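This report looks at two contacts in one model.

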Amino acid sequence: MLDDFMTRATLAGVGVAFAAAPLGCFVVWRRMAYFGDATAHAAILGVALSLALEMSIFAGAMGVALVMAMTVTLLAGRGYAMDTLLGVLAHSALAFGLVAVSFLSGIRIDLMAYLFGDILAVSRSDLLVIWGGAICVVTLIGWRWSALLTATLNEELAYASGLNPKREQLFLTVALAITVAVAIKVVGVLLIAAMLIIPAAAARGLARTPEAMAGIAAAIGAISAVAGLQGAYLFDTPAGPSIVCVAAILFAALNILHLPNRGMR
Amino acid sequence: MSLISIQNLNIAYGGNEVLRNVSLHLDPGEIVTIVGPNGSGKTSLLRAIIGATRPVSGSVTLKPRLCIGYVPQRLHIDPTLPITVERFMRLTQGVTRAQCRTALETAGVPDLLKRQMSNLSGGQFQRVMLAHALINRPEVLLLDEATQGLDQPGSAAFYQQIEQVRQDTGCAILMISHELHVVMSASDRVICLNGHVCCEGTPAVVASAPEYRALFGTGTGGALALYRHDHDHHHDHDHHHGHGHTSPNSNDKTTEAAE
């Protein structure tokens, strides 16, 4: 059944949706949307390095994403406001990445594939990497779930319960780097943050607990992946952006449905 | 043995000294209040106790395996984070629903279990925070301006609840507050902090100490004895505080007269 490229693409999309859902909730709750974007943009530099050094793109992208995320965490609170810092780092990383790719003249690279994903070209081994990464992310976040929630609610509260919020932040950073690395093939570096944020934000109105929100976000992400791919096939549109479009439409629809109860916030 | 014992604590943020040579202790079952103007290092002191701030020098010694309940200053829950009171209370591993009920009853807010945290009133919210702090039967309760945002009857009721909690559970309480008139009567000891320990003792002793007067003026003594400000007194700090000795004919006197 994995011989069919549509099946492989669907499985890849659903895998990324599952990894992105719980992580995306934390990105939304902790207001890390731009942080996710910066980390994802840095991954294009990782792609260029991987191609130059002829190593696995997954490893290269994850490595650079991790370095980027750590750098941001280290520099935070040292002079510049967080959004300024992220603005500088995110766009610099993207620009350096694009310049680095242009140096690789020997190899013909389809840049669009890394910027917007190339989900229809997912191979069996890609699928293995994507699902392996997704399971890692879900396990990691599941293991730290309560601690991460406590640290998200209040730093002092976490310290008083014997947790170290900085350590919990590190777990999120690692999960983010893995997610970015596995999602490149599916939606590309420019739209990874969308897969993190949109399903989680869409799930907010339907959920009464954090767990429910993560679960509903996973469902919305998976539906977007499946429907987006079908749409892309039907209308001959680019697959990655089509997936994000479906997620955005679901977000808008759910928000309009819940407009009357907005007071509950 | 003291539950918390702090020796010669110094804390600085990037060369900016916040606490200088602070020593204090908290014994089982006592209620100690730390008062001090804004920026006097009260919150830094609590952060040092829970291990969130590393001291430059000095030591914070907790009784081994000390269970601490913490009520933060103001907890902002992001509106994008849905969470019920029950789920919040059960963030600590192994807490049962029955334990949640008991803790909420102790804190004076039964029946909130299914409510969204974001829908609670200020008073309910702080009581849920208190219940959350109580759930592990702590030996020490730390409160950081826990009544901020409550009106006066609300905070008076809150502090009554705190005293009730001490009676019921016997836990020691260390709290920060600027609502002196409410807090002072409920405390066994008061520590007046302004970068260093200005003065400490029973509420009556502290309220009549010149250092305390210099920081808070004379109007905040509540039901305590009328006090004439001593203008010979020189305190070696800058006090950017509303009440001070600069205006002898200010409201302070009128407040005193009213009392």
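## Salt bridges and polar contacts between chains

R31(A) pairs with D78(B) in a salt bridge, with the closest N and O atoms 2.5 Å apart. A salt bridge here is a side-chain nitrogen of Lys or Arg within 4 Å of a carboxyl oxygen of Asp or Glu. By this rule, the interface of chain A and chain B holds four salt bridges.

The interface of chain A and chain B also has nine residue pairs in polar contact, both residues at pLDDT 80 or more. A polar contact is a pair of N or O atoms within 3.5 Å; within protein, one must be able to donate a hydrogen and the other to accept it, and residues adjacent in sequence count only if both atoms are side-chain atoms. On the side of chain A that touches chain B, the residues are 12 nonpolar, four polar and seven charged. Ala, Val, Leu, Ile, Met, Phe, Trp, Tyr, Cys and Pro count as nonpolar, Asp, Glu, Lys and Arg as charged, and the others, Gly among them, as polar.

## Basis of the model

The model is predicted: local features need pLDDT of at least 70, side-chain atom pairs count only at pLDDT 80 or more, and totals for chains, interfaces and linings use all residues. Residues are numbered from 1 along each chain as its sequence is written, chains are lettered from A and ligands numbered from 1 in the order in which they are written, and side-chain values use heavy atoms, leaving out hydrogens and water.

## Area between the chains

Contact (heavy atoms within 4.5 Å) links 23 residues of chain A with 28 residues of chain B. The two chains bury about 2400 Å² between them, and carbon and sulfur atoms give 56% of it. Buried area is the accessible area (1.4 Å probe) that two parts lose on being put together, summed over both. In chain A, the residues that lose the most area to chain B are L153(A), L157(A) and R208(A), together 27% of what that side buries.

## Two domains in chain B

Chain B splits into domain 1 (1-40 + 52-65) and domain 2 (80-170). These bounds come from an automatic or database domain assignment. Domain 1 of chain B gives eight residues to the contact, and domain 2 of chain B gives six.

The two domains of chain B bury about 550 Å² between them, 59% of it on carbon and sulfur atoms. L3(B), G29(B) and I31(B) supply 63% of the area that domain 1 buries against domain 2, more than any other three residues. One salt bridge crosses this interface. K63(B) forms a salt bridge with E139(B), with the closest N and O atoms 2.4 Å apart.
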